[in-house]
Amino acid sequence: MKFSRSVRGAALAATIVLTVSAGAPAAFAAEVNSGGKNGQGAHQGPGQNNGKPGQGHPGNGKPDKPDKPGKPHKPGKTDSDKLRDKVTLKGLLGHLNAFQAAADANSGNRAAGTPGYEASARYVESQLRKAGYKPFRQAFTYEQFVLNGDALEQVSPNPAAYTAGTDYLTMSYSGSGDVTAAVTAVDINLTGNRANSSGCEAEDFAGFTAGNIALLQRGTCAFGDKVANAAAAGAAGAIVFNQGNDVPGDDRTGLINGTLGSELSAIPAVGTTFALGEALAGTAGVTLRLAVDSAIKATETFNVIADTPKGDPTRQVVVGAHLDSVAEGAGINDNGSGSAAILETAIQLGKTGKFKLENQVRFAFWGAEEDGLVGSTHYVSQLDETGIANTLANLNFDMVGSTNFVRFVYDGDGDAFGSSGPAGSDTIEGVFQDYFASEGLATAPTEFDGRSDYLAFIENGIPAGGLFTGAEGLKTAEEAAIFGGTAGTAYDPCYHSVCDNRSNISNKAMDEMSDAVAHSVLTFAQTKADLKGGAGTSRSVPSEPAYKGHEALR
Ligand SMILES: [Zn+2]
C-alpha cells in the first residue's frame with residue numbers, strides 16, 4: 001500500500017547523507033539516509049539512465065538514454081503508483097491472518113516439514129491461482145538438526161547447573177555425547193580486544209589431554225573448524241564462548257547462537273556467553289558435565305514458485321521470501337510479513353494483467369530457511385550456467401513488519417559494511433534508497449552477512465537486494481531519533497519466540513515496506529537495464545559469510 005505520494009512528480013529523489021552524531025558508529029553515521037524532502041546534496045536517482053518512457057504520468061520516467069552505447073546499467077524511474085495503490089494494508093493483513101490460522105490449526109507453528117507449513121503453502125498456492133498464476137512446488141530433502149535434550153553443569157569445584165538459552169545454547173549440528181571431564185582452555189585471550197584464533201590451528205592443541213573438554217573462544221575461524229580441530233585432538237566435548245569484544249551491531253558478549261554447518265560434529269558442542277567462558281577459564285581444576293542428545297532427520301519439504309506469464313524469462317527477477325517459521329511459534333513477522341508482501345504484490349500484478357513486464361518475475365516462497373537457508377540454496381544449486389545467467393536479480397524480503405522497526409536496505413554497494421554484493425547489487429540498493437527518499441522516509445543500510453535467502457544468489461554472482469526491519473538486535477538511540485520506536489529494545493522483541501504472532505506486527509512498517517516491495521518488483525520487472533554493468537564488470541562475490549541464516553558460523 002502506498003503511504004504517501006507527497007513528492008511524487010517532484011524533480012529528483014534527494015538522498016541526504018546525515019551525520020548522525022559523533023558517537024555513532026562510523027559506518028552507520030555515514031549512511032543513514034533521511035528521506036530527502038528538504039535537502040541539499042541531491043544526487044542522481046534512477047531516471048538518469050532510464051530504460052523506459054514514462055507511463056503517461058507527468059514527472060515519471062525520463063526518455064531512454066544510456067550514457068554509453070548499449071544498454072543502460074540502471075533502471076529508470078518507474079511509475080509504481082497504480083500497483084502500490086492496489087497493494088493495500090487490508091490485503092496484507094488478510095494474508096497474515098491466514099498464516100496465523102495455519103499455525104493455530106497445526107501445533108502453533110509453520111516450520112519446515114510440518115502440517116503448519118503445508119497449510120501455509122496451500123493458502124499461498126490458492127491465492128496465486130486465483131490471481132492467474134500456475135504455482136508449482138520444488139521439492140527437496142535435507143538433514144534437519146534435531147535437539148532432543150542438553151545439559152551443562154559444573155561438577156567441581158563450584159557445583160552449578162547452567163541454563164540453556166541463558167548461559168549456553170547447543171550449537172546446531174552438535175553431535176551427541178554425555179561427558180564429565182576436566183576443562184582445558186585452548187589458546188584463548190581475555191585481554192585487550194580479546195583477538196584470538198582459539199582452536200583454529202591443530203598446533204593450538206599441543207599438549208591437550210585427550211578426553212578433556214576443550215574451552216574455545218569465538219574468533220577468526222568458523223565454529224565448525226574449532227570443534228573439528230578439538231575432536232581431532234581427542235577432546236570429548238567443546239565449549240565455545242563469545243569473544244567479549246565490541247563490534248557495533250553484533251553481540252559479542254551474550255549467548256552465541258551458532259551452527260557447525262550441515263553435518264553432525266564428532267563431539268558435543270555448545271556456545272556460551274563471554275561471562276561464563278571467562279569464569280570457567282578463571283577457575284582452577286574445573287570439571288564439567290556436558291551432555292547433548294541430538295540427531296539428524298531426513299526432512300522433505302519444498303519451495304513454492306510462481307512465474308508471471310509475461311516478461312522475458314532470460315531476464316528473470318526472482319522475488320523471494322521464506323515461508324517457513326521456526327518451531328517456537330507462528331512466525332508472523334518472521335516471515336509471514338515478507339511472504340504476505342510478495343504474495344499481495346504477485347496477486348495485484350497478476351490480477352489486472354495490465355502492467356507491462358519486460359522481464360519475467362518469479363515469486364519464490366522458500367522452504368526451510370530457518371534450518372540454514374536450505375530452500376533458496378537448493379534452488380540456486382539447481383540452476384545451470386544458463387539459469388544463473390538468466391537470473392537478472394534476486395529481491396529478498398525477510399521480516400518487514402517489526403514492531404520496533406528500522407527501514408533497513410541491504411548494503412549492495414558495500415559502502416557501509418565493506419562487503420558488497422555482486423555488481424548490480426549497488427543499483428538495487430539505490431532503487432530502494434531513492435524510492436524511500438522520494439516518499440520522505442529515512443533508511444539505513446544492513447549488511448550482506450548471510451542471514452537470509454539472498455546468500456546463495458550473491459555467492460553465485462547474481463545481484464541481490466531487499467529490505468529488513470530488524471530482528472533481535474537492539475535499536476540504538478541514533479536509530480530511535482530517526483525512525484522512532486524504543487532505543488535499547490529489540491527491533492522485534494518476539495523474534496523466534498512464541499509471541500511472534502498476529503499481534504507482533506507494525507501496520508505502519510508493513511504498509512511502508514510493502515509499497516517499497518511493489519515498487520522494486522515493478523521497477524525490475526520493467527527495466528531494460530543491464531544490471532550487471534556490462535561486459536568486463538567484475539561479479540565479485542562476498543568472502544565467507546558470518547552467518548548461515550539466523551545462526552552464526554563464526
Ligand atoms: Zn526469517
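Two strands pair if DSSP finds at least two bridges between them. Strands (E, at least two residues) and helices (H or I, at least four) are DSSP runs, numbered from the N terminus.

This is a predicted model: local features need pLDDT of at least 70, side-chain atom pairs count only at pLDDT 80 or more, and totals for chains, interfaces and linings use all residues. Residues are numbered from 1 along each chain as its sequence is written.

**Exercise 1. Strand E12**

Task: Find the pairing partners of E12 and state the sense of each pairing.

Solution: 
- Start with strand E11 (residues 312–322). E11 and E12 run parallel and are joined by 7 bridges.
- Val317 stands opposite Val361 in E12.
- Turn to strand E10 (residues 287–307). E10 pairs with E12 in the antiparallel sense, over 4 bridges.
- Here Ala306 has Phe363 of E12 as its bridge partner.

Task: Which residues of E12 are buried on one side, and which on the other?

Solution: 
- Apply the cut-offs. A residue is buried if 20 or more other C-beta atoms lie within 10 Å of its own, exposed if 12 or fewer, and partly exposed in between; C-beta atoms are placed from the backbone.
- One side of E12 holds Asn359, Val361, Phe363 and Phe365. The other holds Gln360, Arg362, Ala364 and Trp366.
- Both faces of E12 are covered.

**Exercise 2. Two helix pairs**

Task: Classify the packing of H3 against H4, then that of H7 against H13.

Solution, H3 and H4:
- Take the axes. They are lines fitted to C-alpha atoms, for helices over the stretch in contact, and angles run from 0 to 180 degrees between N-to-C directions.
- Helix H3 (residues 89–104) packs on helix H4 (residues 115–130) at an angle of about 150°, with the axes 8 Å apart.
- Angles under 35 degrees count as roughly parallel, over 145 as roughly antiparallel, 65 to 115 as roughly perpendicular and the rest as oblique.
- H3 and H4 are therefore roughly antiparallel.
- The crossing of H3 over H4 is right-handed. A crossing is left-handed if the near helix is turned anticlockwise from the far one by less than a right angle, and right-handed if clockwise.
- H3 contributes Ala98, Phe99, Ala102 and Ala103 to the contact, and H4 contributes Gly116, Ala119, Ser120 and Tyr123. Two residues are in contact if their C-beta atoms, placed from the backbone, lie within 7 Å.
- Sort the H3–H4 contact by class: 6 nonpolar, 2 polar and no charged residues. Ala, Val, Leu, Ile, Met, Phe, Trp, Tyr, Cys and Pro count as nonpolar, Asp, Glu, Lys and Arg as charged, and the others, Gly among them, as polar.

Solution, H7 and H13:
- The axes of helix H7 (residues 332–352) and helix H13 (residues 507–526) cross at roughly 50° and come within 9 Å.
- H7 and H13 are therefore oblique to each other.
- H7 passes H13 in a right-handed crossing.
- From H7 come Ser337, Ala341, Ile342, Glu344, Thr345 and Leu349; from H13 come Met510, Met513, Ser514, Val517, Ala518 and Val521.
- The H7–H13 contact has 8 nonpolar residues, 3 polar and 1 charged.

**Exercise 3. Backbone exceptions**

Task: Locate two cis peptide bonds and two residues other than glycine with positive phi.

Solution: 
- Recall the background. Most residues other than glycine have a negative phi, and most peptide bonds are trans.
- Ser156 and Pro157 are joined by a cis peptide bond, with omega about 5°. Pro157 sits in the loop between strands E3 (136–156) and E4 (160–161).
- The bond from Asp334 to Asn335 is also cis, with omega near 5°. Asn335 is in helix H7.
- Tyr173 has phi near 70°. Its loop runs between strands E5 (168–170) and E6 (177–185).
- Thr220 has phi near 70° too. Its loop lies between strand E7 (213–217) and helix H5 (223–232).

Task: Is each of these two residues buried, partly exposed or exposed?

Solution: 
- Tyr173 is buried, because it has 24 C-beta neighbours inside 10 Å.
- Thr220 is partly exposed, because 16 other C-beta atoms lie within 10 Å.
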